[in-house]
Amino acid sequence: MNIRRKLAVAMAVVALPALMNGQGPEPFYSDAELAIQFRERCEYVIDQQVESTDTSNTKRGGMFRVAANLHRGANIEWARAHIREANQNPTGAMFWMHPMVLMMETGRGVLNDDDWAFIRELWRTYFPYRGDTENHWIMYYASIYLACEMFPDAGPEFWYNGKSSQENMAEAKDYITDWIRITTSYGQGEYDSPNYIEEYTRPMALLAGWAQDPVVRQQGKMMMDYILLDYVVENLEGAYGGAHSRLYPRYLLQPSLTAGAAHGWLFFNQGEYRPNAGNTLIALSGYTPPPILYRIAHGRADEAYVQRELKRTRWRVRHAGEDAFEIDGKSTAPVYKYSYVHPDFILGSSQGGLLQPIQQQTWSLIWREEDASGKTNTMFGVQPYSSPLEGTMYFGEYWDTVTDLIARSKVDYDSPDKLEGGSPYEHVFQDESTLIALYDIPEGTRFPLIHTLFSRDLKQRVEDESGWIFGQGGAVYVAYRPFAPGEWREVDWTGLLKSGAGAWFSTNFEELARGSQCLVSESLKNGYILEVAPVSEFSSYEAFKNAIRSLPMVYSLEPTPKVTFTNLAGKKLSATYGGHLSVNGKAVDHSEWKLFDGPFSYAERESERLEIRFGQERYTLDFENLTTETSISTAE
């Protein structure tokens, strides 16, 4: 459901002054109207949870639904019974903790003494695992902080870990503060995930909505603003574009299914409504996004732009590498993200390498569809690397067992047709709407191949005599030039995910993948060029193909893959595997890369400060002093 039309009729549209949007008067809602519209969507989310409650079944529903009912004062007896039914044998660790805390906060003044006694006993006897990823830790510490804040005088005998409320709160506050400092100084480690964005917005919304300590509450609110800015500058009608730290197979194929897309509807009325647990929590929290984010989401007009961001890898336990650096004694390495955000598409990439374990997406193209629901409006490439080197780089497990342990939960990790993952043998270079990928895969590599997704929604596919492969996705033309021969295969050519391996991991995968194909090449020295252009810039598909055929290109694969290519914009791009990158003869230098650098955001490394921009409007997040400031820039 899209309620944009309903709200537009109900509320007057006002024009911001020209100095605010920088492009002359444009129709935007006022700050107050945006807040009202956002609350309307929040109330709709809560209503859906309450209306979906099956009061005849006390075994099903979940704590998010319980919380919505407690908030509304509805179905209280069902909620009380379900709390007990669902917690006969608690599981889920931090995924148990934060819905429980949400339920507890909304249950204040509603639940009775017996309910609270049952809940307190759960926190004493169930020992939730802290986890091993960045999202696990922030969910864990936000949850235990708020749980203990509700019982600030409770001693160590009241908590599963034998620590008092005050001890737990101090430890949690230290972690939250440290995580914010590292993120706003060096970049997030588990960065820009269309799936895991809600594993960060959930805990931050908890803190923003319910922390009694004003410092912690402000930290939660400001980090919500920060995470949403990071998302909104790379979103296309709610779909999260660019390079990503983590993605699951089904969401790789259909960007509209992700938590990021669900957030796009809630925060910015983009795309379609989809039920989403994170949205329920956020709706209950009372958090309201700063209006400038809505203006960025809807006010980018017809201008394309480059967004550069600096992230970092997950902490490296071993094999840190030459590019590694230390933060507080822990090893990590920089991730250089580059996205070209066009009104009709987003092409984004990172430099390649083992930047995240297991689920990395090094580059992706997404394009606009009139209705993205059910569409595979994306393209990406993978070198399906699988090695204990990667596992032991990021996990403290043994070399001989780590791959098996990874594949027990991420079932496609050790499969040649997996759709996600990084590789030390992949070097990616992008300039605006041109992407170059080069590969030099050693003999003996477990899966010595590369594959590129050509989705079922990339229409009019043509294998041209020139060597280029052409296609059209929505209002976008695509040209792909492989440097070595390949063959067309089904997306899931091993049948692993279509067979249902991994249960929810592969649910509906056959339906999602059907009709799409991968171009698979087993040449060890390899590469390709991807050139993307809007349909509106050409008189016809044939005109686009003629323009591509005429572009100068020289490449070689021996002794090391390299290419020189002049793109549609007339820029001469040169790239050598593992080495030199240049645009019009000028070498690309990452040494001065900013934390955020684009028309709507700016942050220096180690600054703990983010300036969000729209026209001359400025909204500044200062994490060192925990302050926000809204201003109007008078600079030309």
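How many bridges join strand β13 to β14? Six, and the two strands run antiparallel.

This is a predicted model, in which local features need pLDDT of at least 70, side-chain atom pairs count only at pLDDT 80 or more, and totals for chains, interfaces and linings use all residues. Residues are numbered from 1 along each chain as its sequence is written, and side-chain values use heavy atoms, with hydrogens and water left out.

**View 1. Strand β14 pairs with β13 and with β21.** Helices (H or I, at least four residues) and strands (E, at least two) are DSSP runs, numbered from the N terminus. Two strands pair if DSSP finds at least two bridges between them. β13 spans residues 426-431 and β14 residues 434-440. The two form a hairpin with two residues between them. In that turn, Glu432 has a positive phi of about 50°. β14 is also joined to β21 (residues 525-534) by seven bridges, again in antiparallel fashion. Seven of the seven β14 residues are buried (under 20% relative accessible area; exposed is over 50%, partly exposed in between; 1.4 Å probe, protein chains only). Thr434, Ile436, Leu438 and Asp440 point one way, while Leu435, Ala437 and Tyr439 point the other way.

**View 2. Met379 in the largest nonpolar core.** Such a core is a set of buried Ala, Val, Leu, Ile, Met, Phe, Trp, Tyr and Cys residues joined through side-chain atoms within 4.5 Å. Helix α8 (residues 134-150) supplies the largest share, 11 residues. Contact means heavy atoms within 4.5 Å. Leaving aside residues up to four places away in sequence, Met379 touches residues including Trp363, Trp367, Phe454, Tyr480 and Leu530.

**View 3. Helices α3 and α14 cross.** Their axes come within 9 Å and cross at roughly 120°. Axes are lines fitted to C-alpha atoms, for helices over the stretch in contact, and angles run from 0 to 180 degrees between N-to-C directions. α3 (residues 31-51) and α14 (residues 277-285) are therefore oblique to each other. Angles under 35 degrees count as roughly parallel, over 145 as roughly antiparallel, 65 to 115 as roughly perpendicular and the rest as oblique. Phe38, Arg39, Cys42, Val45, Ile46 and Gln49 of α3 make the contact with Asn279, Thr280, Ile282, Ala283 and Leu284 of α14.

**View 4. A five-stranded open sheet, β22-β23-β24-β25-β26.** The pairing is antiparallel. β22 (553-556) and β26 (586-587) are the edge strands, each pairing on one side only. Three bridges join β24 (residues 572-576) to β25 (residues 581-583). Leu573 stands opposite Val583 in β25. The loop between β22 and β23 holds Pro559. Its peptide bond from Glu558 is cis, with omega near -5°.

**View 5. A four-stranded open sheet, β12-β15-β20-β19.** Pairing is antiparallel here. β12 (381-382) and β19 (487-490) each have a single partner strand, so one side of each lacks a neighbour in the sheet. Five bridges link β15 (residues 450-454) to β20 (residues 517-521). His451 has Val520 as its bridge partner in β20.

**View 6. Asn75 and Leu626, two loop residues with positive phi.** Asn75 lies between α4 (63-72) and α5 (76-86), with phi near 50°. At 30% relative accessibility, Asn75 counts as partly exposed. Leu626, in the loop between β30 (617-622) and β31 (627-632), has a phi of about 55°.
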